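Thank you all for coming.

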Amino acid sequence: MMQTLAGPCFVASLIIFFVGLLVRAIWYVRGLDWRLERVAYGWHKERSIPGALVSIGKWLIPGGTAGWRSQPVAMVAFFLLHFGAVLLPLFLLGHTVVLEQTTGIALPSFPTALADALCVASIAGLILLAVRRFTSPVLRQLNSWQDWFVLILTFLPFFTGFMARLDVGAYDTWIALHVFTGELFLVLAPFTKLSHIVLFFMSRAQLGMDFAIKRGGDTRGGAYPW
Amino acid sequence: MSQILCSPTPVTTKEGIHALLADKGGEEYYRQMRNLKVDQNALAFDLQKTCKSRTRTWLEICAHCGMCADSCFFYKTNNNDPKQIPSYKIQSTLGEMLKRKGRVDTEFMMHAMDVAWGQCTCCNRCGLYCPHGIDTGVMFSYLRGVLFKQGFVPWELKIGSGMHRVYGAQMDVTEEDWVDTLEWMVDENSDEWPGLEIPVEKEGCDVMYICNAREVKHYPEDLAAAAILFHVTGTSWTVPREGWETTSLTMFAGDWEGCAQNLKRIYAAVDRLKPKMVVGTECGHAHRATVVEGPYWAGRESGDAPVPFLHYVEWVAKVLREGKLKINPAKKLKMPCTLQDACNYIRNDGLGKYTREIMGYIAEDFREMNPHNEHNFCCGGGGGLNGIGLYRKERNVGLKNKLDQIRATGAEMVVTPCHNCWDAIRDMMEVYEEHNIKWTFLKPLLLKMMEIPSHIEHVDQG
Amino acid sequence: MLTITLRNACLCCCGFLLVTFVLASPRIAAGGECLVVKHPAVDNPTMPAVIFNHDKHVAYVEKHESDCSRCHRVTSEGLSVAVLDVRLQKADGQVPYLHATCTDCHRAAGRGPSLVACRSCHAQGNILRAMK
């Protein structure tokens with residue numbers, strides 16, 4: 001079973017993940033309509049490109065925007081989760097070994113201590129987000145089943161992976177669960193709010209261009225001061 | 001009253017406007033609305049056309065993180081009512097409509113109307129606080145368009161849209177009224193300012209001035225002030241006979257067809273008179289409608305107006321900078337004063353540096369509100385809310401936020417170069433009985449403190 | 001606890017490895033001869049060393065009508081100590097070579113840990129803990 005899970009299933013889930021997200025990105029761009037949105041996407045490149053880049057870049061930096069600074073708890077939780085969520089799948093030693101063996105692509109890998117720290121931070125971030133989702137009156141108003149579903153879907157690969165890494169028992173079971181939940185995450189990402197993996201960039205770029213092209217980029221001197 | 005007042009059809013006749021105006025407070029209009037059937041197929045079609053990948057993605061990837069809540073003054077002033085969270089407001093209206101593919105009833109549409117006009121001023125502030133770059137204010141504007149097409153629009157904005165369609169202005173000001181008012185203002189002021197004129201329909205000037213019908217109808221002295229300032233600065237200027245109205249209640253109403261009609265009137269004037277630039281009066285949404293969104297309604301691919309369109313604050317900053325307008329240092333504002341940043345041209349057109357430049361010339365004790373500039377809060381009356389009787393109570397609650405902001409600066413004067421902000425600030429002072437803070441447009445201030453160049457004849461009327 | 005970790009340890013990498021006996025190879029009734037793989041030497045190893053169950057691999061090879069040449073080169077001096085051609089790999093290629101050699105065979109055999117189950121083989125800490 002493990003051979004299937006780690007072999008064909010893994011390849012299939014990667015394909016679904018990448019193709020799915022690519023399709024969503026293409027669908028997003030193709031669905032943009034300069035007349036409807038009233039943004040001259042094809043014009044004023046000198047300010048639209050910096051506008052898009054700043055709109056993405058500043059939000060990737062903790063405290064980089066007034067929005068982040070105004071919500072320190074949310075910010076801490078998001079970044080705790082996302083550093084690990086973005087970096088570990090790519091640079092965890094086990095992952096790089098498998099990647100190199102299967103594709104020949106050799107990525108550098110994190111030292112164990114750093115990987116452990118990132119993983120613990122991500123799990124802490126997830127727990128913080130869950131607590132926030134559960135206790136904040138704002139989030140209680142907004143919560144939907146999908147919010148909880150993606151939170152759990154994200155939690156599982158971290159948790160199972162970390163249990164396997166601790167190796168305190170039932171290793172084979174934990175690693176199998178890790179591979180399975182990881183694949184589940186990959187497969188479902190394009191069809192859930194996890195699609196923000198790519199759509200975050202599209203949406204942020206759009207709003208950055210919107211402000212840079214149309215809403216004052218000319219007078220403001222380019223990018224919006226997020 | 002048996003006449004149909006509330007229907008999906010826009011008002012396009014004087015009779016239609018008079019019938020609506022005769023219905024005091026829109027009582028019968030709203031009664032009819034309660035029985036207005038939703039054309040679900042048309043709604044589904046409109047949603048399809050209105051919500052493409054940007055809007056659908058916004059609605060779908062919203063992480064329900066709640067970061068927009070605190071950015072909304074309605075949420076704050078309603079004791080953090082979860083129903084006032086921007087994300088909730090749009091998801092439960094436009095989002096729900098999309099989910100149900102337009103299969104919604106009259107009650108739902110009326111609720112959506114209450115939210116779209118009574119709980120959002122389209123100030124776009126929440127858009128700055130969303131990590132995913134979701135601009136809920138923009139979506140509300142589209143929701144208004146969808147509701148307008150089905151006839152679910154507040155009474156005053158139904159009238160406003162009709163006014164624009166019938167008179168080419170937000171109020172029933174005809175071309176004769178316009179030209180008469182201009183002549184009257186010249187007569188009224190030429191004793192004090194010999195040689196003052198308001199050139200109508202003059203070709204090839206540097207500036208074509210466009211304004212707000214309210215100025216023509218209710219405070220023509222604002223027109224006179226504009227004329228005097230152009231006169232004193234030696235500006236070659238004109239006003240068009242047609243296409244002088246720069247405001248757009250049609251934008252507030254979601255009447256996109258009406259918006260395009262306004263624009264085409266103004267652009268036609270530009271074509272006729274070929275000015276080097278157009279200057280619009282101290283109005284926020286007018287600038288948004290004419291300069292920011294307008295070029296798109298006129299179908300201009302570049303998104304740029306045919307000639308530079310300046311907001312009044314840009315023009316004032318320019319003439320101050322160039323020394324064409326000089327301020328008498330002794331007459332600068334001594335009292336602590338603050339500045340109201342209008343969402344529509346500060347957050348949404350980046351003109352904050354110009355208003356601050358102006359404050360540097362005219363005020364000795366200028367105090368910023370917190371937050372300010374791009375991150376300012378709406379005055380509380382934007383997006384047409386000031387004018388809607390049905391939501392007066394909701395608006396008055398929201399006004400408290402700006403009042404608190406103003407009070408915190410310790411200012412005794414709020415410089416307010418926007419009609420809507422000006423109204424909202426006037427009303428909040430009245431509603432909350434604050435009698436020690438004044439508010440003003442720029443023009444009257446400048447008239448009082450400018451130095452009159454020696455070559456300009458001025459007869460003191462003391 | 002003990003049985004679990006031993007099972008892990010002893011299911012570990014089928015042995016086409018160059019092994020040296022650093023510890024006395026413990027014989028455990030349920031498992032067989034378990035060796036700790038010490039080659040190639042890795043500076044500052046980030047993972048525990050591999051525990052290799054030689055007996056189990058021998059049994060498998062015998063049962064499937066194969067012989068030591070599955071893992072060892074037969075030379076004039078007898079069986080190579082090294083697993084196949086690991087010595088011919090350049091220094092930074094030896095670990096990947098072993099990863100590939102072990103797990104390819106596992107896949108073909110339909111038995112033994114796959115490459116993703118790192119700690120099925122990298123289990124030195126565990127077996128020592130278990131033996132105490």
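Let me begin with what I mean by contact: two residues are in contact if their C-beta atoms, placed from the backbone, lie within 7 Å. What you see is a predicted model, in which local features need pLDDT of at least 70 and side-chain atom pairs count only at pLDDT 80 or more, while totals for chains, interfaces and linings use all residues. Residues are numbered from 1 along each chain as its sequence is written, and chains are lettered from A and ligands numbered from 1 in the order in which they are written.

With that in hand, 18 residues of chain C are in contact with 19 residues of chain A. On the chain C side, the elements that give two or more residues are helix H1 (2-10), helix H3 (94-109) and helix H4 (118-121), where helices are DSSP runs of H or I with at least four residues, strands are runs of E with at least two, and both are numbered from the N terminus. The largest share of that side, four residues, comes from H3(C). By class, the side of chain C that touches chain A divides into nine nonpolar, seven polar and two charged residues; here Ala, Val, Leu, Ile, Met, Phe, Trp, Tyr, Cys and Pro count as nonpolar, Asp, Glu, Lys and Arg as charged, and the others, Gly among them, as polar.

Turning to chain A itself, we find 13 helices and zero strands, and its C-alpha atoms fill a box of roughly 60 × 40 × 35 Å along the principal axes. Of the 226 residues in chain A, 42% are buried, a residue being buried if 20 or more other C-beta atoms, placed from the backbone, lie within 10 Å of its own. Among contacts in chain A between residues at least 6 apart in sequence, 71% join residues at least 24 apart.

In chain B, how many residues of helix H16 are buried? Nine of the nine residues in H16(B), 284-292, are buried, including B:His285, B:Arg288 and B:Val292.

Finally, also in chain B, the axes of helix H18 (residues 312-321) and helix H19 (residues 352-362) come within 9 Å and cross at roughly 45°, the axes being lines fitted to C-alpha atoms over the stretch in contact, with angles from 0 to 180 degrees between N-to-C directions. H18(B) is therefore oblique to H19(B), since angles under 35 degrees count as roughly parallel, over 145 as roughly antiparallel, 65 to 115 as roughly perpendicular and the rest as oblique.

Technical notes
Buried ≥ 20, exposed ≤ 12 C-beta atoms within 10 Å, placed from the backbone.
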